[in-house]
Amino acid sequence: MKALLSFSRSIDALNVFVGRVACWAIFVAILVSAANAVVRKMFGVSSNAWLELQWYLFGAVFMLCAPWTLQLNEHIRIDIVASRLSRRVTNIIEIVCIVLFLMVFSTLMVWLSVPFVFDSLKSGETSTNAGGLILWPAKALILIGFVLLLLQGVSELIKRIAIMRGDLAEAAGADLHEAEAERILHELAKVDPRISEGGMRP
């Protein structure tokens with residue numbers, strides 16, 4: 001298990017690094033968007049390449065930061081329901097969902113994306129818009145993103161199993177999510193008195 005946890009930490013470090021670098025694409029996209037708008041308004045000049053570069057950058061953020069978001073346990077989940085379950089049950093649910101949904105879907109997307117990317121690269125595919133960009137880098141982001149997401153799924157699976165075995169302490173983030181769920185329930189109880197900390201009263 002120590003070797004697997006070491007492998008998990010390496011995956012986490014990789015996705016944290018990639019995610020932090022990819023975040024800067026948002027700033028670059030803002031600059032590109034602002035510059036394109038200024039040039040278009042002041043000089044009446046526009047370019048499809050600049051417009052397409054914006055969605056390249058936003059695509060990079062979406063695909064490359066998703067694994068980092070998973071590692072931080074920040075993907076949307078039903079915390080109000082999860083907070084009612086024991087830690088063991090939630091860990092079992094996490095493991096089942098990782099294996100049956102996340103890893104299966106990510107593997108399928110990687111398998112489908114490989115020919116999708118290489119066919120585009122081999123043909124030198126470009127945008128159908130006048131002055132548009134080449135398309136294979138955007139398609140490659142899909143492949144890279146799902147490879148990293150699959151790896152992060154492996155890391156999360158290792159950590160969940162280690163937690164259930166007692167080889168790893170529960171992440172502090174789990175307590176934060178549970179506390180947030182409790183806060184939401186408390187706020188809802190102010191609106192509807194039928195709602196209590198234990199859920200809906202009949």
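The crossing of H1 and H5 is left-handed, a term used when the near helix is turned anticlockwise from the far one by less than a right angle, with right-handed standing for clockwise. H1 and H5 pack at an angle of about 140°, with their axes 9 Å apart; here the axes are lines fitted to C-alpha atoms, for helices over the stretch in contact, and angles run from 0 to 180 degrees between N-to-C directions. That angle makes H1 oblique to H5, given that angles under 35 degrees count as roughly parallel, over 145 as roughly antiparallel, 65 to 115 as roughly perpendicular and the rest as oblique.

This is a predicted model, in which local features need pLDDT of at least 70 and side-chain atom pairs count only at pLDDT 80 or more, while totals for chains, interfaces and linings use all residues. Residues are numbered from 1 along each chain as its sequence is written, and side-chain values use heavy atoms, with hydrogens and water left out.

**Overall composition**

- The protein contains six helices and two strands, where helices (H or I, at least four residues) and strands (E, at least two) are DSSP runs numbered from the N terminus.
- Read from the N terminus on, the elements follow the order α-α-α-α-α-α-β-β.
- Of the 202 residues in the protein, 35% are buried, with buried meaning under 20% relative accessible area, exposed over 50% and partly exposed in between (1.4 Å probe, protein chains only).

**Helix H1 and its residues**

- The 42 residues of H1 should span 62 Å at 1.5 Å a residue, and the end C-alpha atoms are 62 Å apart, which agrees; the expected span is 1.5 Å times one less than the number of residues in the helix.
- H1 is followed by Gly44, whose phi is positive and near 65°.
- Ala25 is found in helix H1 and is buried, with a relative accessible area of 11%.
- The C-alpha atoms of Ala25 and Gly59 are separated by 9.2 Å, although these residues are 34 residues apart along the chain.

**Helix H5 and what follows**

- Helix H5 covers residues 136–165, and its 30 residues should span 44 Å at 1.5 Å a residue, in agreement with end C-alpha atoms that are 44 Å apart.
- Just after H5, Gly166 takes a positive phi of about 85°.
- Ala169 lies in the loop between H5 and helix H6 (172–191), and this residue is exposed, with a relative accessible area of 62%.
- Ala169 and Lys159 are ten residues apart in sequence, and their C-alpha atoms are 9.2 Å apart in space.

- Helix H4 (residues 87–123) and H5 pack at an angle of about 160°, with their axes 8 Å apart.
- That angle makes H4 roughly antiparallel to H5, and the crossing of H4 and H5 is left-handed.
- By class, the contact of H4 with H5 has 26 nonpolar, six polar and five charged residues, where Ala, Val, Leu, Ile, Met, Phe, Trp, Tyr, Cys and Pro count as nonpolar, Asp, Glu, Lys and Arg as charged, and the others, Gly among them, as polar.
- Helix H2 (residues 48–71) and H5 pack at an angle of about 5°, with their axes 8 Å apart, and H2 and H5 are therefore roughly parallel to each other.
- The contact of H2 with H5 has, by class, 16 nonpolar, five polar and two charged residues.

**Aromatic pairs**

- Rings of Phe, Tyr and Trp (its six-membered ring) pair if their centres lie within 6.5 Å, and planes under 30 degrees apart count as stacked, over 60 as edge-to-face and the rest as tilted; by this rule the count comes to three aromatic pairs.
- One of these pairs is formed by Trp24 and Phe27, which are edge-to-face at 6.2 Å centre to centre, with 85° between the planes.
- Being three residues apart in helix H1 (residues 2–43), Trp24 and Phe27 are separated by about one helical turn.
- An α-helix has 3.6 residues a turn, so residues three or four places apart point the same way.
- Trp24 counts as exposed at 59% relative accessibility, whereas Phe27, at 45%, counts as partly exposed.
- Phe105 and Phe146 also form an edge-to-face aromatic pair, at 5.6 Å centre to centre and with 75° between the planes.
- This pair links distant parts of the chain, with Phe105 in helix H4 and Phe146 in helix H5, 41 residues apart.
- Phe105 counts as partly exposed at 46% relative accessibility, whereas Phe146 is buried, with a relative accessible area of 11%.
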